[in-house]
Amino acid sequence: MPTTDKSASNTISFTDQDALQFHQEGKPGKLEITPTKPMATQRDLSLAYSPGVAVPVKAIAADPSKAFDYTARGNMVAVISNGSAILGLGNLGALASKPVMEGKAVLFKRFADVDSIDLEVDTLDVEEFINSVRYLGPSFGGINLEDIKAPDCFIIEQRLRELMDIPVFHDDQHGTAIIAAAGLINAVHLTGRDISEVKVVCNGAGAAGIACIELIKAMGVPHQNVTLCDTKGVIYKGRLEGMNQWKSAHAIETDTRTLYDALKGADVFLGVSVKGALTADMLRAMAPNPIIFAMANPDPEITPEEAHAVRDDAIVATGRSDYPNQVNNVLGFPYIFRGALDVHATTINDEMKIACAQALAELAREDVPDEVAAAYRGARPKFGPEYIIPVPFDPRLISRIPAAVAQAAIDSGVAKRPIVDMEAYKAQLQSRRDPMAGTLQRLVSKVRQNPKRIVFAEGEETPVIRAAANYVSQGLGEAILIGREEEIRENASAAGIDINRIGITIENARISNRSNDYANYLYARLQRQGFLLRDCQRLVNSDRNYWSSIMVARGDADCMVTGLTRNYSVALDTIKACIDTKPGHRVIGLSLVINRGRTVLVADTAVHEMPTSEELADIAEEAAHVARRLGYEPRVAMLAYSTFGHPKGERSERLMEAVKILDRRRVDFEYEGEMGADVALNMDKMANYPFCRLTGPANVLVMPAFHSASIAVNMMQELGGSTVIGPLLVGLDRAVQIVPMGAKDNDIFNMAAIAAYNVT
C-alpha cells in the first residue's frame, strides 16, 4: 500500500515494498562502524590495542576528563527506547523500535555530525529501564531517549538526569517544545504582543504538551495564563479524574471546563492532540490575530486552509512539511547535542533549550540564502506569518544553534570545558556540514521550480522503474520509460508501483509513430560514416539508447538517463552519435567523491584516455564550470606523480604546460600544478610551497589520464569508503547522464535529478 512521508521537504509517496527494500538492500539497516585511525600495519594495531592502548587507559584513570580527548565519548550519543510509544503506532516493543532509533542516529550524523548508537531496552518496567541506562554513562557523551510512553518518560528522564553527569534528553517532549517556542517568539513579535501577557491554551497533556507549557512558562508566560486540556477537558485545581502529578503541576484556578470555553479570548492554541480537535467555532472565539500551532501528525488539529477560511488574521504552524511553518524536531535535537557535547555539558537545562529557541527565532528573521529560497520554488521566503520557523535544510543551522546552546551551557555553569573563541567554534561547526547532501537537495529543489521531461532508456529494469516513480513523486517532472509496455507494467506491479496512479509514460520504439522521423534524423548524421538508412532504422527500433538520445536531441524530452545494463563507453558512443558537443565546451566525465563530509570533483574519469596539455586545460575549465554550477568555488589542482618539478618526467610536463595555457587564458578560478594529490588536499603539506596559488585544499582534481582518474576514484570508493556520484557526463549540447552498470535505484534517481538540473 502507498505511504505518505510528511517529514521531507515535500509530500512524497512510496510503497511499503520501497521502504522495506531501502532498509534491506546492501548492508541491512542504516548504520555501520568505521574506524577513524589507520589499521594497516602492526604498529597501527599495537597503538590501537595492546600494548599502546594502556597509555590512554592510565591517563583516563588518573583524570576521567581525558576520556573526551582519547576516546570517541565526546561525540557519541546513545539513542535509547523501549518501544512503548513508537511514532504514532503505540507499544510495539523494543525490537520493533530499532528502525526508528537507527533513523534517529542517522539524523544526528547527517545534520550535526554527531555519532550515535541505537540501544533498544526490552522492558516496560520503569526501574529496570532506568537501571539499564544509568550505568552506560562512561560510554557516551549524551543520552537521547525516544518513543517512551507517558507518564513513564517523565519519571525516566527525571531520574536519569539526577543519576548521570551527562545530558539526558527525551526528544519527544522537548524537541517539539523547543521548535514550537521558537515559532511562538516570532508569532508574538509579529502580532505586537508581550509574551508575559499572552493567554495560552494547550490541548494534549502527554509528553509533548507538558514539555511545551513548561518551556513557555520558563520563557515568561505566567502560570495562570496557561490552560492545559486533555480528552476530559480543562485541567483545573480540584479535578480528580484522569490526573497525575505532571498534569496537577499545571492545574489552574478556573471555572472553564471545556476546550471551547478555554479558547474564548485566547491568544495562542498549542495542539499536540488529534485531527480536528480545533473547530471553526473555537477559532472564531479566539482573540484577534490568533496564533495556532496545530502539531498533531500526520493530520493537524486544523489545517491552514480551514483556519484561514475562518480567520484570515491567524498565524498557523503545523507538523506537516507541505505547509508553511513546520514544527520539525530535526531543527533542534542534533544541534542541541552538538553544542552540549562540545562543551562537555553535564545536562541540558532550560537555559540551553531557550537559547536554542531564541536562536531559531532570530534565524527566521534574517534574509534566507539561495539554498533555502530554492526549496520554496522560487518564492524567496521572508519573515512573516508564513515564515516564523527556519527550514531543516537551512545551511546556517549548524553554525548558529550549537553555538547558542554551548554559550548558554557556559553561562549557566553546566559546561565542563568552556569555549574560548566562539567565532572560531562557529567556523569549525560550518565545516562539519555534509556538502553533497545539501547540494543534491538544492538540485532537487531547483528542478521542482522548472520540472523536466526525462527519458529512462532502460525502462524495463526494476531499479529504473523505482527511480522514475521517485522522480515523478518528488515533483521533478514527467518520466518516460522506454521498453515493452507489458514487461514494464509486470515489473512495476511486482515492485508495488502503480504506473497509472503515479503518471509515468511508457513508450515502445518499435510501435511508435516517430520511428521514421528518428531514423531520418540519425541517417542525416551518419550517412557519411558508412551507415545506410536501413541501418539507422534498425538502430532506432532496436537500441533504446539511440531512441532515447534522439528524443532528447529532437526536443521530445528534456534529458535522459541510461547505463544500468551496458558499459559506460558503449553508451557514450551511442549518445555522441545522436547529440552534438555544446559549442565552446569539451565532453568529459566528472566524478563527485564525498568522504567524511568533504567533496572533491575528479576529472576526467570517462572520456579522454591520455589528454594533451590543451585538453587538460579544457578539462580544468569544464570541471571548474561544473563546480560553480553545483555551488562550490573551484580550487583546481592539476595532479601528477610529481610536485612542482620533482621528480621530472614527460607526463608531468604536460600538466606544467596545461597550467601555462590556463595562465594565457586568464581564467577566473584558482588553479595550480603540477602537484601530488597529498599536497593538493593537505594545507600543511601545501605550506611547504609558499608560492602555491591555492588558498585552500583543492576541491577540483584534474588527473593526468583517464586510467589514473578511474583507478583513483574506484579505489577511494572501495577501500576508502567514499561515496561516488558519477561520472557525470559534461559538455554535451543536451542533458544526458550515464549511471554505472548495476546502479541502485537511488543512484539512478540522483543522476536523473542531475540530468534535469543540467550541470553543463
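Is Glu 657 buried, partly exposed or exposed, going by its relative accessibility? In this predicted model, Glu 657 counts as partly exposed, at 29% relative accessibility.

**View A. Glu 657 pairs with Arg 664 in a salt bridge.** Here the closest N and O atoms of the two residues are 3.4 Å apart. Arg 664 counts as exposed, with 58% relative accessibility. Elsewhere, salt bridges with shared partners join Arg 586, Glu 614, Glu 615, Asp 618, Glu 621 and Arg 665 into one network.

**View B. Arg 586 meets Asp 618 through their side chains.** This salt bridge spans 2.8 Å, N to O. It links distant parts of the chain, 32 residues apart: Arg 586 sits in the loop between α26 and β17, and Asp 618 in helix α27 (residues 613-629). Arg 586 is partly exposed at 23% relative accessibility, whereas Asp 618 is buried at 18%.

**View C. Asp 580 and Arg 525 form a salt bridge of 2.9 Å, N to O.** Asp 580 lies in the loop between α26 (568-578) and β17 (588-595) and Arg 525 in helix α23 (residues 515-526), so the pair ties together parts 55 residues apart in sequence. Asp 580 has a relative accessible area of 44%, and Arg 525 has 24%. A search of the whole structure finds 46 salt bridges.

**View D. Helix α20 covers residues 462-473.** Its 12 residues reach 16 Å from first C-alpha to last, close to the 16 Å expected. Buried residues of α20 include Val 464, Ile 465, Arg 466 and Tyr 471. After the helix comes Gly 475, with a positive phi near 75 degrees.

**View E. Leu 87, Leu 89 and Leu 92 make a nonpolar surface patch.** Together they have about 330 Å² of accessible area. Leu 87 is exposed, at 61% relative accessible area.

Key. Residues numbered from 1 in each chain as written. Predicted model: local features only at pLDDT ≥ 70, side-chain atom pairs only at ≥ 80, totals over all residues. Heavy atoms only, no water. Patch = residues over 30% accessible without salt bridge, like charges linked within 9 Å, V, L, I, M, F, W, Y side chains within 5 Å. Areas by Shrake-Rupley, 256 points an atom, 1.4 Å probe, with all protein chains shown as cover. Salt bridge = Lys/Arg side-chain N within 4 Å of Asp/Glu carboxyl O. Buried < 20%, exposed > 50% of the residue type's maximum accessible area, 1.4 Å probe, protein only. Helix = DSSP H or I, 4+ residues; strand = E, 2+ residues; numbered from the N terminus. Expected span 1.5 Å × (residues − 1).
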